[in-house]
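Trainee: May we go through this protein chain together, beginning with the details of its backbone and ending with its overall form?

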Amino acid sequence: MKADRLGRFLPGVAAMAMAIAALGGCSGSPAINPADDGGIGLSPNDWPSYGRTAGEQHYSPLEQINTGTVDKLGLAWSFDLPAAHSLSQPIEADGIVYTATGHSYLRAFEATTGKLLWEYDSKAAEKSGTKLRQGYGSRGIAYWGGMVYLPTHDGRLIALNGKTGAVMWTAMTTEPTDNRFITGAPRVFDGRVIIGHGGADGGGARGYVTCYDAKTGKQLWRFFLVPGNPAVDHDETTQIAARTWKGEWWKEGGGGTAWNSMIYDPELKRFYIGSGNGYPYNHALRSPGGGDNLFLASIVAVDAATGKYIWHYQINPGEQWDYKTTQDITMATLSIDGKPRKVLMQAPTNGFFYVLDRTTGKLISAEPYTKVTWASRIDLKSGRPVENPGARYHEYGKLFEMWPSITGGHSWLPQSYSPKTGLVYLPVLERGMIIGDQGVDLTKEKRSTQPENISAGMGITGDFQPKLKEGKKAFLKAWDPVTQKARWTVALPGDWPGGTMATAGDLVFQGRIDNRFAAYDAAKGTLLWAFNTESPVVAPPITYSVNGKQYVTVITGSGGAGGGYFGEGTKPFNIDYRTTPRRVLTFAIGGKEKLPATPPPTPPIAPSDPDFVPNAAVALRGNIMYHAACGICHGGRGLASGTAPDLRASSVPAQKEAFDAILRDGALVPQGMPRFEDMSDADREAVRQYLRTIGQELPKK
């Protein structure tokens, strides 16, 4: 019962659990764009970092696999993974594929055969303590100079020898007792490695990124995304941004964590950092008296050598909707009004697609890519949104139907960009929610009070999975960033679309929740190839070439918020944490391998519980405690969708001794299940009663 980024349980607290060769075609190797190289000697054959290049286009110049040959694509090798988090992107360099799954468990494979070369267990679950109650697991890793860079949930950044797995150095990027944890991939270019962290939604976290020497692990600089206490903190951000905050925000941390989007500009020698939402969510509670609250929900440019501030652009001044710029930032040169412009492109969670001049930070254009109700448009002159009446729910005094919801119009799963087509391939979410602070007493809304209030600490209330007539939808959209319109759209099953990859073979690859890994025509959106993976595919794929042969690798399995608290849309696909396969799959032209036989999924049935006695009052309190502490991983309303076991069907809640051993004593910490030793006996028993109650509502057989 693990609370993620949207809530955690602390003593007396119930916080709301509210991105080489033209093999078989042309001769020679595709040219390397110096602006994409980033000082790593990048070969077109490799995929050594999260977005492959410094500009993070998630694009490969390889074209052996193309629109004319993709129908001959077959499985070259596979590797079965244990039941653990697998929503993670692999990397490849020098003929070795690296994966980080679970809580930072690293494996190295021979890229052509899948032979396991070495593995490394960071023991992050055991070292994380209460931090284990947040985050789902590793999203990615990086390679540079013969070393693999592995971030861990407990806050370490570890550099390992890429050939042997030997630890070269370790840096502690957070404090053991703070609320910060790491799930995102590090970025490493020009001998520097940069890493951020999560933790804003649990409170107490002030977001920052840290830059280290990639060879030695020596800290070079740290940039804070929100100001600290002006009386004691004299860093650059506090000096610049504190005047945009009111009250004593630093007591709750402020938020603004940078847990995913960080890219390097090798031409301008800058890092661009995307920051997260504020804590508490409610602007009136977080910053009474108003203010833009810089640098929440912003893209910030900093000097790569010094970490000094250059410019910022804020998508949501006075952020209060869990909107953020932690989605992928993509760098490109576009022809706009007949002139080449060096741009940054992003589809953040607020539903607008932004194109910025990366030299100045000036807004070029912004248009909605999904349904948006909180704003009517983005004013191009001021760069600020024109908010709709009611969006400022504290001033409105009523509940507001907000689109996109807090899951955003685009999750962290990456978009890709093809310089051949000029299109961005965007995994789009379309879902709404009801939000407000009606009936919430902000004077009592602190993390240390009101455990009965499921939204305690956030300053909000509402329905985060309402039954709205438009429903919940997912799409793959080919977005033209110049015209700011969709060139083509593909409706996808479920409501949790996978990350995308574009190639010079005029293909777009994307996994699907219905056990398909698919390739589409990049120009037209036509489905050209699909493979039955016997497991959901949400993680982003990569492609690379070894010995003149192009391969595509992806990791299967559900996970993240789409498989936890917001996983209701995956219900038709019967994704089960214990039995759904998780595999590393690698494809090549002419691949002939077969997957092991997988039993068909079976719907959950009620566990045997002959001693169960209904108690509605206790179950109601357990419902509240469950959703505060457990629902983000084990599923809202008890519906798990692959991120953690479905506790409705578990026999453990019927056994008090076993339940206490796991929840109170931490018997399953090594498997990623945190302990809740600070939960009272009464609260723990209430959670057990709730789980037994909903378990008996399942079919008996």
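**Backbone, strands and burial**

Trainee: Where is proline 280 found?
Mentor: Helices (DSSP runs of H or I, at least four residues) and strands (runs of E, at least two) are numbered from the N terminus. On that numbering, proline 280 belongs to the loop between β18 (278–279) and α4 (283–286).

Trainee: What kind of model is this?
Mentor: Residues are numbered from 1 along each chain as its sequence is written, and side-chain values use heavy atoms, with hydrogens and water left out. Local features need pLDDT of at least 70 and side-chain atom pairs count only at pLDDT 80 or more, while totals for chains, interfaces and linings use all residues, for the model is predicted.

Trainee: What is omega for the bond that joins tyrosine 279 and proline 280?
Mentor: Most peptide bonds are trans. Tyrosine 279 and proline 280, however, are joined by a cis peptide bond, and its omega is about -5°.

Trainee: Where does proline 404 lie, and what is omega for the bond from tryptophan 403 to proline 404?
Mentor: Proline 404 sits in the loop between β27 (400–402) and β28 (416–418). The bond that reaches proline 404 from tryptophan 403 is cis, with omega near -10°.

Trainee: Is aspartate 337 buried or exposed?
Mentor: Aspartate 337 is in the loop between β21 (329–336) and β22 (339–346). Its phi is positive, about 55°, although aspartate 337 is not a glycine. Buried means under 20% relative accessible area, exposed over 50%, and partly exposed in between (1.4 Å probe, protein chains only). The relative accessible area of aspartate 337 is 74%, so the residue is exposed.

Trainee: What is phi of glutamate 534?
Mentor: Glutamate 534 has its place in the loop between β37 (527–532) and β38 (542–546). With a relative accessible area of 26%, glutamate 534 is partly exposed. Although glutamate 534 is a residue other than glycine, its phi is positive, near 60°.

Trainee: Which residue in β33 stands opposite lysine 477?
Mentor: Two strands pair if DSSP finds at least two bridges between them. Strands β32 (473–480) and β33 (485–492) pair in the antiparallel sense over seven bridges. Their hairpin has four residues between the strands, and there glutamine 484 takes a positive phi near 55°. Opposite lysine 477 stands threonine 489.

Trainee: With which residues is aspartate 660 in contact, leaving aside its neighbours within four places in sequence?
Mentor: Aspartate 660 is part of helix α8 (656–663). Its relative accessible area is 6%, so aspartate 660 is buried. Contact means heavy atoms within 4.5 Å. Leaving aside neighbours within four places in sequence, the contacts of aspartate 660 are Asp665 and Arg684.

Trainee: How far apart in space are arginine 688 and glutamine 320?
Mentor: Arginine 688 lies in helix α9 (681–695) and is buried, with a relative accessible area of 7%. Beyond its neighbours within four places in sequence, arginine 688 is in contact with residues including Pro653 and Phe659. Glutamine 320 is 368 residues away from arginine 688 in sequence, and the C-alpha to C-alpha distance is 34 Å.

Trainee: What is the radius of gyration of the protein chain?
Mentor: The chain has nine helices and 40 strands, and 65% of its 701 residues count as buried. The radius is taken over C-alpha atoms, and the globule rule is 2.2 Å times the number of residues to the power 0.38. For 701 residues, a compact globule would have a radius of gyration near 27 Å, which agrees with the value for this chain, 24 Å.
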